[in-house]
Amino acid sequence: MLAVAVDVEVTEGTEDLFIAASIENCKNSVREPGVTRFDFMQNNERPTNFLLFEVYNNAEAPLEHKATAHYTAWAGAVKDLMARPRTAIKYATKFPLPLYWHRNSFLSHNEQLESTEGGSRGLSTVAGNAFGFLSPKISMGRGIAATAVTGGLKDLNMKRPFIVTGKGGIDRLQSSLLTPAGVVSKEGEMYCVSGEPTVEDARTATLKALTAGCDGVLSIGGGSAMDLGKAVAALMTNKGDIFDYLEVVGKGQAIRELPAPLICVPTTSGTGSEVTKNAVLKSVEHGRKASMRHDTMLPLIAIIDPSLTITCPRQVTAHVGLDTLTQVIEPFISNAANPIVDALAKEGILRASRSLRAVVANGDDVTAREDLSIASVLGGLCLANAKLGAVHGYASVLGGIYETAPHGAICAVLLPYVFRANAEKLQLLMDQGDQEAGMRLARFREVARIVTGLENATIAQGVCWLEILAKDLNVPSLSSICSIQRSDIREVAEATALASSTKGNPVVLTVNELEEILKKAF
């Protein structure tokens, strides 16, 4: 990274004017995609002397910074305050590594939002005073996959499993997993999904499974493979058209027959799909992603072997890992949280926040991989037993419109903006006397405390930490991820307001508020 130290001398008596203008500039500059740190310091012995300290992600970022409106405004405001020309020295950072500059970044010139302590007692939850909890049988351990698959097939008496895998295909799994597990893969008894699963993928795969006489499903791969596996298992035993069961774009009917037995084996750490009860499918004709959902669609067995995630590429690891973080934060602050979800979510937030940077920096860090695998499972259990929120509401809409947009990256870029907007609205409601809003707001402060590691962290510091995380992991702007146009924003906001996930948001956001979030993230 490029670090620039700028020495400034102002005329005596103008110090306060310079400080006010520079704080405003720092607040805006630290949010630029190319900026990692943007601070300034005042000389204790000579108050007219200041040091501006700027850290950039790349060599082009300083020029991009000087092209911004806030830099132009700052330069104009301080021009006549200078006692001499500013001098700058450039440095190349050696330590800490770029992924670890975040440790103090949350202190960079953010206004603080006050939060109110609160929480539930007894059976009282944000969703009422009664709740249930679903989970498949979970087997987790390093190197257990082949043995656990063998045992799972035997336990379920599955003689001819239909194998669903991701775009990596079956070849990379044959020697490391399938052959040791005694599974024979035949062309007519398998399906490789090349991207996020579609309605047509589900129809085609189900027909192959039925034609081959398969008696269950073994899904091995990322979220796409496992979601498709859940859909196929349900459609193998439930007749009718798939749109009879899809939410939002279909009739949303409940499945009536128990799905075929299903075993899920994740090879990424992110979606938590191995422990959830829904299958997300894209309807190309509607340009939307929607879910089939039912308690019985929960996999019977989930096998989590962190060693299977070692070969996951860095960018994929970053995106699915950020999805993991979102999936433990959103259920915790949702309007349907319960004490069991609370406990799992807080542990998941801790593990994901402390391991994400480490595992992206070094994909062979097995301990960090295990942390993220556990967080992924916890996230899946949380969303299966509570709800999500507006971040996933946006992601379902944008992912349906823009085929190549990574789900995790969408979540990562929008999470700080949605987190802040929700907190600000809850604060407003609390100021108006809404006690429930105050209790929900306390959860945001708890998230900030966990991710920053600061006992007295503010919500603003939590938001800043999330923003810096996205920068550290090179998450681009929303417009870069989705190719969204400003003219599309209103339509996306309207669709997000109706999305299934948005119903779990801790506070109702209007279409105008959802539109404003997209504009800020653009």
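This is a predicted model: local features need pLDDT of at least 70, side-chain atom pairs count only at pLDDT 80 or more; totals for chains, interfaces and linings use all residues.
User: How are the rings of F419 and F444 arranged, stacked or edge-to-face or tilted?
Analyst: Their ring centres are 4.8 Å apart, and the planes meet at 50 degrees. Planes under 30 degrees apart would count as stacked and those over 60 as edge-to-face. With 50 degrees between the planes, the pair of F419 and F444 is therefore tilted.

User: Which helices does that pair tie together, and how many residues apart are the parts in sequence?
Analyst: F419 belongs to helix α12, while F444 belongs to helix α13, which covers residues 435-452. The pair therefore links parts of the chain that are separated in sequence by 25 residues.

User: How do α12 and α14 run relative to each other, roughly parallel or roughly antiparallel?
Analyst: Helix α12 spans residues 407-431 and helix α14 spans residues 459-472, and their axes are 8 Å apart. The angle at which they pack is about 170 degrees. Angles over 145 degrees count as roughly antiparallel. So α12 and α14 are roughly antiparallel.

User: Which residues meet where α12 packs on α14, and how many of them are nonpolar?
Analyst: On the α12 side we find A412, L415, P416, F419, R420 and A423. Their partners in α14 are I459, V463, L466, E467 and A470. In this contact of α12 with α14, two residues are charged, none is polar, and the nonpolar ones number nine.

User: Which residues form one aromatic cluster?
Analyst: Rings pair here if their centres lie within 6.5 Å, and by this rule there are six aromatic pairs. One cluster is made up of F18, F40, F50, Y71 and W74.

User: Which arginine lies over the face of W465, and which one sits over the ring of F332?
Analyst: A charge counts as over a ring if the Arg CZ is within 6 Å of the ring centre and within 35 degrees of the ring normal. Over the face of W465, 4.9 Å from the ring centre, lies R357. Over the ring of F332, with its charged end 4.9 Å from the centre, sits R443.

User: Where does V248 lie, and is it buried or exposed?
Analyst: V248 is in the loop between α7 (223-237) and β9 (262-266). Its phi is near 65 degrees, a positive value in a residue other than glycine. With a relative accessible area of 57%, V248 is exposed.

User: What is phi of N157 near?
Analyst: N157 is placed in the loop between α4 (145-155) and β6 (161-165). Its phi is positive although the residue is not glycine, with a value near 55 degrees.

User: How far apart in space are A148 and A302?
Analyst: A148 is in helix α4 and is buried, with a relative accessible area of 17%. In sequence, A148 and A302 are 154 residues apart. From C-alpha to C-alpha, the distance between them is 9.4 Å.

User: And how far apart in space are E12 and N338?
Analyst: E12 sits in the loop between β1 (2-9) and α1, where it is exposed with a relative accessible area of 75%. E12 and N338 are 326 residues apart in sequence. Their C-alpha to C-alpha distance is 59 Å.

Definitions and conventions. Residues are numbered from 1 along each chain as its sequence is written. Side-chain values use heavy atoms; hydrogens and water are left out. Axes are lines fitted to C-alpha atoms, for helices over the stretch in contact, and angles run from 0 to 180 degrees between N-to-C directions. Helices (H or I, at least four residues) and strands (E, at least two) are DSSP runs, numbered from the N terminus. Angles under 35 degrees count as roughly parallel, over 145 as roughly antiparallel, 65 to 115 as roughly perpendicular and the rest as oblique. Contact means heavy atoms within 4.5 Å. Ala, Val, Leu, Ile, Met, Phe, Trp, Tyr, Cys and Pro count as nonpolar, Asp, Glu, Lys and Arg as charged, and the others, Gly among them, as polar. Buried means under 20% relative accessible area, exposed over 50%, partly exposed in between (1.4 Å probe, protein chains only).
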